[in-house]
Amino acid sequence: MMLLDRGTLGPSWQVERDRLAPVKVSLVGGPVSRLDCAWDERVEVRPGFVNAHTHLYSGLASFGMPAPKTQPANFVEILQRVWWRLDRALDEQTLRASARYAIADALLSGCTTLVDHHESPGFIDGSLDVLADAAQSLGVRLAVGYGATERNGGADEARRGLLECERFLKENRRSLVRGMVALHASFTVSDETIRAAGELAWERTAPMHVHVAEDVADVEDAKQRGYEGPLERLLHLEALPPGSVVAHGVHLDVSQVERADGAGVWLVQNPRSNEGNRVGYPSALKASAHVAVGTDGWPAQMETEFAALRRLGHAHGDETQVLEARIATSQDLASSLFKVHLGEVAAGAPADVTVGVPGERPRHVLVSGRRVVADGKLVTGDLEELRARAHEAAPALWRRMEALP
Ligand SMILES: [Zn+2]
């Protein structure tokens, strides 16, 4: 039995299996592992953060990823020269090192749920198991799908991506992991692939995870194909069941955001990524109450992401209340994916909590009742070893990346 002892700051909580419960008097004196949650009056027990859109495959980027030979001039060139080269160079070993390091860093930062969008074109079959095993063993909640695309190997590549989603949805039994169906983005897939992805999602009652209107290039492509835009294309081809996750929406207008809301899909804003890629600010997202926050592959240091959200939001005229609601909505998005009520420290709620002084790294982190960070240190893995593995794996990855045509 674990006791989250708040002392005079109260209320204290006990952890019963994976849930929080009020402290029972009868337990006093029993075998209790007591967690000090009141060493400073500023200490709070809070719900763990949710990162509603990320890419664990880019976890090695901070280990010396070389700059592209020629500076990308626009968003599509950033993808072509950086991220689409990195993902092609990944193999099982580098993906594992990347994911394990990124997950450890997320947990140490108090992020307890990740919604991952995965692509590794050179290692598709079995790739979701690598991510899922890393999540389950290190102890983070993970929703994950393989982003099917035709950009490297045409229809066959897309078919293999969707097969990986299907296989994973059928086989995954990990308590902390949920499968999704995913597409890279409208502009790298045919109507046939979108339709097949939609059929799979509906058939398995799984949500879709896809990038939409991140850059104007995605909108122009959909128009050239005869659609009003990428959102309309995905909706027309029945690929966005309710509960799906649509990342970005930077180039959606108010009526399109209302259309997404009407379809029951979640939108995810990624402030640092949008700023870094210079794709614009998603002003129309204010038309939906279902907007969450993600890092799009940046480290899952959510308080830093929220600071960027506030800074950029205010600069573009968004109200504080609207921006703060997105942080809470991220918990609702995660609750819908995992079918549990996340985001509250309350009796009966899952014990996904952080204990610490707001603004600092948490001292303790629990996910589904399991202690994953204790006294600021990772419990479920050896951080130094994870870092060493990442250092070891990265140079080979950069060599393969640079050798690609
Ligand atoms: Zn993304």
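**Note on the predicted model**

1. Helices here are DSSP runs of H or I with at least four residues, strands are runs of E with at least two, and both are numbered from the N terminus.

2. A word on the basis. This is a predicted model, in which local features need pLDDT of at least 70, side-chain atom pairs count only at pLDDT 80 or more, and totals for chains, interfaces and linings use all residues. Residues are numbered from 1 along each chain as its sequence is written.

3. Where is the kink in H1 centred? On Trp-83, with a value of about 35°. The bend at a residue is the angle between axes fitted to the seven residues ending there and the seven starting there.

4. H1 also has a buried set: Leu-79, Trp-84, Leu-86, Asp-87 and Ala-89. Buried means 20 or more other C-beta atoms within 10 Å of the residue's own; exposed means 12 or fewer; partly exposed is in between; C-beta atoms are placed from the backbone. The buried residues of H1 pack against helix H12 (383-403).

5. Now the domains. Domain 1 takes in 2-46 + 349-375, and domain 2 takes in 49-59 + 101-338. These bounds come from an automatic or database domain assignment. The C-alpha centres of domain 1 and domain 2 are 32 Å apart.

6. The two domains touch. On the domain 1 side 11 residues are in contact with 12 residues of domain 2. Contact means that the C-beta atoms, placed from the backbone, lie within 7 Å. Strands S16 (364-367) and S17 (370-374) each supply at least two residues of the domain 1 side. S17 gives the largest share, three residues. By class, that side has five nonpolar, three polar and three charged residues. Nonpolar covers Ala, Val, Leu, Ile, Met, Phe, Trp, Tyr, Cys and Pro; charged covers Asp, Glu, Lys and Arg; the others, Gly among them, are polar.

7. The largest nonpolar core holds 114 residues, and Ile-103 and Leu-107 have the most contacts inside it. Such a core is a set of buried Ala, Val, Leu, Ile, Met, Phe, Trp, Tyr and Cys residues joined through C-beta atoms within 7 Å. Helix H2 (residues 92-108) gives the most to this core, nine residues. The core lies between domain 1 and domain 2, because both give residues to it. Not counting residues up to four places away in sequence, Ile-103 touches Leu-56, Ala-134, Ala-135, Leu-138 and Val-140.

8. Is Glu-214 buried or exposed? Glu-214 counts as buried because it has 26 C-beta neighbours inside 10 Å. Its place is the loop between strand S11 (208-212) and helix H6 (216-224). Leaving aside neighbours within four places in sequence, Glu-214 is in contact with His-248, Val-250 and Val-279. Ala-247 is 33 residues from Glu-214 in sequence, yet 7.6 Å away, C-alpha to C-alpha.

9. Check some backbone details. Gly-10 and Pro-11 are joined by a cis peptide bond, with omega about -5°. Pro-11 sits in the loop between strand S1 (2-5) and strand S2 (13-16).

10. Arg-278 is not a glycine, but its phi is positive, near 50°. Arg-278 is exposed, with 10 other C-beta atoms within 10 Å. Asp-375 also has a positive phi, about 50°, and lies in the loop between S17 and strand S18 (377-378).
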